[in-house]
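Here is a brisk report on one model. Please keep the sequence and the 3D view open while you read.

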Amino acid sequence: MVTLEDARQVLLDGGQIANVTRIPLAKCLGRVLAEDVISDMDFPPFDRSPLDGYAVRMDDIKTSSRDNPAVLRQIEYLPAGACPRLTVGVGEAARIMTGAKMPGGADVVVKLEDTYSEGQQVFVHSPGRNDKNICKRGEEFRAGEVVLRKGYCVQEGTIGILAILGRDKPRVYTKPKVGILATGSELLPVSAKLQPGMIRDTNSHMLAAKVRNAGGAPVMMGQVKDDLAAMVEQLQNFSGLSVYVMTGGASVGDYDLAGRFFERLGIPILFDRVAIKPGMPVIAGRWGDSFLIALSGNPAACSVSFEVLVRPLIKRIAGFTQFEPIRIRAKMAEKFGKASPVRRFIWAVCFAIDGVIFVSPLDHQGNGMLRASEKANALLDIPANSPPLDRGNEVSAILLQRTTI
Ligand code: AMP
Ligand code: MG
């Protein structure tokens, strides 16, 4: 038995970051950048107008008012995309639209609402603003600036920034392939009609979703019976994956074969059992360059072990620099009546009231149940040897990743 921290460290220490590939920008949402993105230009690339109006010289309008408008002559018309040909001189103005390049000579844009015109004559009836209404070249990025860092997960806005910088095929990490194998003679595929004594394989599908959300590519290895030869054969059918997650049989029952399975394959064990509840039965080893991790078949236990051990490993291999769970401090919104001799994780919902974060344990926490984990946005982390918790007690929790794409 090892501590959770030791188990996690052993996994993370062995995790090699995936290969690098280039993919079209349109497919980059949720992918992990495999390069620092350095701007090769100033952005905006030229001084531009942030509004519709007239580009003029401040000196010409600074004393203008409704009663005493400045009278200027329009010399040019500049829609967005146009390149100014003339320089704005004393007493002159260029009609300019939002996004158009500023003409030389002008140092302020007055908005259309502060002007009126008659033919080529422009009347400006308010003084210019001090900030001069110009978006300056390079005000967002400078040439040579690192705008995005390697290991960053591409968000919606990131796609926009990559587009600004002309990255039509950014370099990202390949998604690590993660095999998922359900073991248990009671398991049927989801599509099957139920038979007496049997249940549908829940874990494979739930784990596949978790793997996807962790930046991996799940490989469904199906269900095998509690039979060593069948388990070995199925693993060998799927060689070359980065990580294998199996569920079921990791405990000490007559048909809990995971331990013997590792032995049969000659897989060196990294650790066997982790001091947490639920999720204690975990066996991890290296199968060549791959990780083989056996989790409990109990869906809630399997889910806890995945969150605290397997997700960080997959994220690490997928190239995320932020791969550890995010931890918060919160106040118990309700009491929790059980003592915790072993470190305990509880499915919970955290929420804020007036800036204070509260956490509330959910019903249906049972090892074999899923409803609490489905609703939870946090896992309450109660240290070993804790008494029951009262309302208002300060606790630690980790935030769970909810699906975004
Ligand atoms: P085990 O870890 O094999 O001792 O299984 C513990 C409990 O989880 C038993 O009630 C199993 O029927 C159940 N179980 C095992 N594998 C799965 C699975 N893939 N999906 C849903 N429940 C499972
Ligand atoms: Mg079993």
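This is a predicted model: local features need pLDDT of at least 70, side-chain atom pairs count only at pLDDT 80 or more; totals for chains, interfaces and linings use all residues.

Residues are numbered from 1 along each chain as its sequence is written, chains are lettered from A and ligands numbered from 1 in the order in which they are written, and side-chain values use heavy atoms, with hydrogens and water left out.

**Domains and cores**

The domain assignment lists domain 1 (4-18 + 175-317), domain 2 (22-40 + 149-173), domain 3 (53-124) and domain 4 (327-399). Such bounds come from an automatic or database assignment. Between the C-alpha centres of domain 3 and domain 4 the distance is 62 Å.

In the largest nonpolar core there are 38 residues, and Ile293, Leu309 and Trp347 touch the most other members. A nonpolar core here is a set of buried Ala, Val, Leu, Ile, Met, Phe, Trp, Tyr and Cys residues joined through side-chain atoms within 4.5 Å. Buried means under 20% relative accessible area, exposed means over 50%, and partly exposed is in between (1.4 Å probe, protein chains only). Elements that each supply at least two residues of this core include helix 1 (4-14), strand 11 (177-183), helix 7 (299-317) and strand 20 (344-353). Helices (H or I, at least four residues) and strands (E, at least two) are DSSP runs, numbered from the N terminus. Helix 7 gives the largest share of this core, ten residues. The core lies between domain 1 and domain 4, because both give residues to it. A second, separate core has 21 residues, among them Val224, Phe262, Ile267 and Leu292.

**The ligand site**

Which residues come nearest to ligand 1? Of the 16 residues around it, they are Glu186, Asp201, Thr202, Gly249 and Gly297. A residue is counted as near if one of its heavy atoms lies within 4 Å.

| Residue | Polar atom | Distance |
|---|---|---|
| Asp201 | side chain | 2.8 Å |
| Thr202 | backbone | 2.9 Å |
| Asn203 | backbone | 3.3 Å |

On its own, ligand 1 has 480 Å² of accessible area, and the protein covers 77% of that. Accessible areas come from the Shrake-Rupley method with a 1.4 Å probe. The shell around ligand 1 divides into four nonpolar, eight polar and four charged residues.

**Arg343**

Is Arg343 buried or exposed? Arg343 is buried, with a relative accessible area of 16%. Arg343 sits in the loop between strand 19 (327-332) and strand 20. Its side chain makes a polar contact of 2.9 Å with the side chain of Glu5. Another polar contact, of 2.8 Å, joins the side chains of Arg343 and Asp381. A polar contact is a pair of N or O atoms within 3.5 Å; within protein, one must be able to donate a hydrogen and the other to accept it, and residues adjacent in sequence count only if both atoms are side-chain atoms.

**Backbone points**

Most residues other than glycine have a negative phi, and most peptide bonds are trans. Phe43 and Pro44 are joined by a cis peptide bond, with omega about -5°. Lys277 and Pro278 are also joined by a cis peptide bond, with omega about -5°.

Asp354 has a positive phi, near 50°. Asp354 is exposed, at 78% relative accessibility. Asn385 has a positive phi of about 65°. Asn385 is exposed too, with a relative accessible area of 67%.

Key. Ala, Val, Leu, Ile, Met, Phe, Trp, Tyr, Cys and Pro count as nonpolar, Asp, Glu, Lys and Arg as charged, and the others, Gly among them, as polar.
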